[in-house]
Amino acid sequence: MPLKTLSTVAVPEGDRDALETAIACARRWSAHLDVCCLSDRQIDMPAILAPEIAATAAILAEETAEEIKAIEARVEKRLTGEAFGWGLMSPIRYPSDFARQIAATHRFSDLAILHASGSGLDPLMQGVTEALLYHTRVPILLAPGPTDAAFERVALAWDGSDVALAAVRAALPILGEAGSIEIVTVDPDSGTSGHDLAVMLDRHGIEVDVSTRPRSGKRIADALAEHVQDRNADLLVMGAYGHRRLREVLLGGVTRMMLDAVPVPLLLAR
């Protein structure tokens with residue numbers, strides 16, 4: 001099924017969002033694009049405000065509203081004249097309920113497109129990314145910089161898990177247009193060879209190569225990052241947060257490590 005509803009987030013500084021990548025994707029796939037306009041203050045404000053700072057809270061709320069209006073004006077100006085359909089959303093009103101509200105704005109999207117700096121997500125984008133991953137089943141495309149959405153060389157990170165399979169399924173519309181697709185396993189065992197996945201994709205008319213990458217004492221995330229750079233891949237598809245959330249927060253994990261240093265556009269799903 002083609003990707004026909006896309007969503008993204010716009011923030012005060014345009015170089016911190018993925019609006020241009022989202023526009024390129026909407027053009028390429030003839031999709032509708034919804035843009036959620038957010039201010040950093042919407043996630044930084046405390047959930048419970050003491051009475052003595054009520055006046056400050058009112059000022060912050062007013063400044064936030066003005067900032068969002070400015071973001072909306074910038075986005076509207078940029079999107080005017082585009083041939084695809086688009087809409088603006090600025091629904092976040094209560095920071096204490098940020099995750100649920102973000103999830104509600106994106107839950108009908110086929111793909112959310114967000115910015116990743118390549119040196120770690122800033123607090124706002126990290127909050128948006130985790131809200132979508134944990135509160136929706138919407139796949140996310142994280143782009144470290146503007147891209148034309150022509151994903152010709154795609155790498156599929158495979159470990160045999162349900163989340164890895166969910167990511168591949170989410171990427172099927174993109175895989176159908178790609179010129180070269182590779183299933184990548186790091187130090188695979190008998191259950192993660194990639195053979196069954198290759199058979200599934202072949203039945204979709206998608207030809208793939210299967211390769212292995214030795215860990216060689218490296219973190220799995222580092223081995224994957226090296227592989228996609230060595231192969232000059234345009235996109236890495238991988239499952240997100242295969243472990244429980246608390247374990248990921250305390251111990252890290254491949255997902256969190258990849259978010260800290262995205263080498264190429266990264267499609268995540270769970």
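What follows is a look at one threonine, and then at the other parts of the model.

Me: Where does Thr136 lie, and what does its side chain reach?

Reply: Happy to, and please keep in mind that this is a predicted model. Thr136 sits in the loop that links helix H5, residues 123–135, to strand S5, residues 140–143. Its relative accessible area is 9%, under the 20% limit, so Thr136 counts as buried. One is the backbone oxygen of Leu132, reached at 2.6 Å. The other is the backbone nitrogen of Val138, at 3.1 Å from the side chain of Thr136. If you set aside the neighbours within four places in sequence, Thr136 is in contact with Ala103, Arg107 and Ala131.

Now for the setting of that loop. The protein has 10 helices and 10 strands, and 49% of its 270 residues are buried. Of the contacts between residues at least 6 apart in sequence, 81% join residues at least 24 apart. The accessible surface comes to about 12,900 Å², and carbon and sulfur atoms account for 50% of that.

Ala149 has a positive phi of about 65°, although it is not a glycine. Most residues other than glycine have a negative phi. With a relative accessibility of 2%, Ala149 counts as buried.

Ser30 also has a positive phi, of about 50°, without being a glycine. Its place is the loop between helix H1, residues 19–29, and strand S2, residues 32–37. Ser30 has a relative accessibility of 54%, which is over the 50% limit, so this serine counts as exposed. Helix H8 itself runs over residues 220–230, and its buried residues are Ala221, Ala223, Leu224, Ala225, His227 and Val228.

The crossing of H6 and H7 is right-handed. On the H6 side, the contact is made by Leu165, Val168, Leu172 and Leu175, while H7 brings Leu197, Met200 and Leu201.

A disulfide is a covalent bond between the sulfur atoms of two cysteines. Here the count is zero. For Cys36, the nearest cysteine sulfur is that of Cys37, 6.8 Å away. A disulfide needs the two sulfur atoms within 2.5 Å, so at that distance Cys36 is in none. Cys37 is likewise in no disulfide, with the sulfur of Cys36 as its nearest cysteine sulfur. Cys36 has a relative accessibility of 0% and counts as buried, and Cys37, also at 0%, counts as buried too.

Conventions:
Residues are numbered from 1 along each chain as its sequence is written. This is a predicted model: local features need pLDDT of at least 70, side-chain atom pairs count only at pLDDT 80 or more; totals for chains, interfaces and linings use all residues. Side-chain values use heavy atoms; hydrogens and water are left out. Helices (H or I, at least four residues) and strands (E, at least two) are DSSP runs, numbered from the N terminus. Buried means under 20% relative accessible area, exposed over 50%, partly exposed in between (1.4 Å probe, protein chains only). Contact means heavy atoms within 4.5 Å. Accessible areas come from the Shrake-Rupley method with a 1.4 Å probe; for residues, only the protein chains shown count as cover. A polar contact is a pair of N or O atoms within 3.5 Å; within protein, one must be able to donate a hydrogen and the other to accept it, and residues adjacent in sequence count only if both atoms are side-chain atoms. A crossing is left-handed if the near helix is turned anticlockwise from the far one by less than a right angle, and right-handed if clockwise.
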